[in-house]
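User: Please take a close look at the aromatic ring pairs in this protein. Then set them in the context of the rest of the chain.

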Amino acid sequence: IKEIGPFHKCFSAVVGPNGSGKSNVIDAMLFVFGKRAKKLRLNKVSELIHKSDAVKGDPPQYARVSVYFQDIVDTGSGDDDYRVLPNTETVVTRIARKDSSSTYKLNGKNSSFKDIGIYLSSKGIDLDNNRFLILQGEVEMISMMPPKGKTDSDEGLLEYLEDIIGSSQFVEATNEAA
């Protein structure tokens, strides 16, 4: 068992030298958030199950990743200026089995991926657009975006940021009102 975190209340970055496990941390989070094996540099999720000869006794039958959430209230602008709301811890878990099937759990109870998505969406984690998690290759792509898309179907930095903060849903109505 490895524990990583807690992550910062506003922004976190996973940094380190090559081979230190940065991609594994991100892949673990993507796994919990329902990404398919191909998105995780795998052919099938059963490849996540440890198969080393170093395992003593019976080999593991599954791989499990849990992400713990707590509701907080900001109390200032500093890194430590927040208060954890009591009794708000929520645990989202995904278990991969040898047959490459997956089980999701919400607070230890079996759950559908749809229910996990509804819960995460209620906490501002958009699984459809993955704007909560920017991967290494996307940083360069974002930095190279033009300030604004040239046509309605183009995406520039403005459209990208509008999508992240949620104001893109108001663009059409704003243009009509103007």
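Analyst: A residue counts as buried when its relative accessible area is under 20%, and as exposed when that area is over 50%; partly exposed lies in between. Tyr 104 has 10% relative accessibility, so Tyr 104 is buried. Its ring partner is Phe 113. Phe 113 has a relative accessible area of 34%, so Phe 113 is partly exposed.

This is a predicted model. The mean pLDDT of the protein is 80. A share of 84% of the residues reaches 70 or more. Strand β6, residues 109-111, has the highest confidence, at a mean of 95. Helix α3, residues 136-143, has the lowest, at 77.

Now the rings. A pair of aromatic rings is described by the distance of the centres and the angle of the planes. The protein has two aromatic pairs. One joins Phe 69 and Tyr 119, with ring centres 6.2 Å apart and planes at 70 degrees. Planes over 60 degrees apart count as edge-to-face, so this pair is edge-to-face. Phe 69 sits in strand β1, residues 62-69. Tyr 119 sits in helix α2, residues 113-122. The pair therefore ties together parts that are 50 residues apart in sequence. Both Phe 69 and Tyr 119 are buried.

The other pair is Tyr 104 with Phe 113. Here the centres lie 5.2 Å apart and the planes meet at 45 degrees, so the pair is tilted.

Next, the wider layout. The protein has five helices and six strands. From the N terminus, the order is α-β-β-β-β-β-β-α-α-α-α. The chain has 178 residues, and 24% of them count as buried.

Helix α4, residues 157-165, shows how burial is arranged along a helix. Its buried residues are Glu 159, Tyr 160 and Glu 162. Viewed down the axis of α4, these fall within an arc of 165 degrees, so they line one face of the helix. Leu 161 also belongs to α4. At 43% relative accessibility, Leu 161 is partly exposed. After α4 comes Gly 166, with a positive phi near 95 degrees.

Methods:
Residues numbered from 1 in each chain as written. Predicted model: local features only at pLDDT ≥ 70, side-chain atom pairs only at ≥ 80, totals over all residues. Heavy atoms only, no water. pLDDT = per-residue confidence, 0-100. Helix = DSSP H or I, 4+ residues; strand = E, 2+ residues; numbered from the N terminus. Buried < 20%, exposed > 50% of the residue type's maximum accessible area, 1.4 Å probe, protein only. Arc of directions from axis to C-beta. Phe/Tyr/Trp six-rings, centres within 6.5 Å; stacked < 30°, edge-to-face > 60°.
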